[in-house]
Amino acid sequence: MSWLSDGYQVFGPDPEVLHWLQSAGPAALAAARDPGHRADWLRHGGTWFAGVNVLDNDGEGRVADGVPLRGAALRAAEAVTGALPLDPGQVSVTYPGYPRQDENESDANHRYRRTRAAAHLDGLLPVGPDRRRMLKEPHAWILGLPVTDCGAGAAPLVVWKGSHEVMRTRLEAVFAQHPKEEWSDLDLTDAYHAARREVFETCPRVELPAKPGEATLLHRLVLHGVAPWHEGAEAPAEGRAIVYFRPHLPGGMPDWLHLP
Ligand SMILES: [Fe+2]
């Protein structure tokens, strides 16, 4: 199996990733403890620290005096897109009870988070008061690097196997009707929702618990989310922490749609 056919792949444990974690791991946990970051990024009744771009790494993933990020997962990703500068990592941390309902969160959204793991495609952002979905951030891939050692029920990442090809087919049908210059302003909401429905009916839902030293590589078009915390799941006091890198794709929307 490979991430290109299935939409995801778990690599490792990898000594190069473990080496990187020696400096990046403590820095990620420090960022998740930082009161300023917590004020910005705690969600869902305090059960999720979203931590977007809070890791202070350079373009090679180096944190402070640590080593650049290397490893089989990154090499597999770069085999498709070429080497790309890494964005500042997201530090995503879940805690027991995830997801609790926020005061401003609708019942429907909360239910979708509980029953469908808030399944989504990165980069399709809700725009305007009607939250129409548009492709505003074409990412190359998503690379997840677990920081804490947790049980399988500690709000694992969830993917729908093979969903990237369903998404590609459905979205391509919309893009094909418009010149490339209009792609970033196209309303993809209906095609996206239809694709999601098809995925839920036809693609297996797979939970991907992973340990420090492993690396989870997601295809940029794969439907994914986070499963609720199973009561009693083992985790340290710091919670279930994962660093995600999502580099920008220089080829933009055409490559987002057409690369393997
Ligand atoms: Fe995501």
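This is a predicted model: local features need pLDDT of at least 70, side-chain atom pairs count only at pLDDT 80 or more; totals for chains, interfaces and linings use all residues.
Local features are reported where pLDDT is at least 70 and side-chain atom pairs at pLDDT 80 or more, while totals for chains, interfaces and linings use all residues. Residue numbers start from 1 along each chain as its sequence is written.

**Overall fold**

The protein chain contains 8 helices and 12 strands, these being DSSP runs numbered from the N terminus (helices: H or I, at least four residues; strands: E, at least two). Its radius of gyration is 18 Å, close to the 18 Å given by the globule rule for 260 residues, so the chain is as compact as a globular protein of that length. The radius is taken over C-alpha atoms, and the rule is 2.2 Å times the number of residues to the power 0.38. Along the principal axes, the C-alpha atoms fill a box of roughly 50 × 40 × 35 Å.

Of the 260 residues, 42% count as buried; a residue is buried if 20 or more other C-beta atoms lie within 10 Å of its own, exposed if 12 or fewer, and partly exposed in between, with C-beta atoms placed from the backbone. Among contacts with a separation of 6 or more, 84% link residues 24 or more positions apart, a contact being two residues whose C-beta atoms, placed from the backbone, lie within 7 Å.

**Helix α4**

Helix α4 spans residues 72-81, and its buried residues are Ala73, Leu74 and Ala77. They lie on the same side of α4 because they cover an arc of only 95° around the axis, the arc being that of the directions from the helix axis to the C-beta atoms. These buried residues pack against β1, β7 and β10 (215-219). The face turned away from the buried side carries the exposed residues Arg75 and Ala79. Gly82 follows α4 and has a positive phi, near 80°.

**Backbone exceptions**

Most residues other than glycine have a negative phi, and most peptide bonds are trans. The exceptions below depart from these patterns.

| Site | Feature | Loop |
|---|---|---|
| Gly12 and Pro13 | cis, omega about 10° | Pro13: between β1 (8-11) and α2 (15-33) |
| Tyr98 and Pro99 | cis, omega about -5° | Pro99: between β4 (90-94) and α5 (107-116) |
| His44 | phi about 55° | between β2 (42-43) and β3 (48-49) |

His44 is buried, with 21 other C-beta atoms within 10 Å. Ala155 is likewise buried, with 29 other C-beta atoms within 10 Å.
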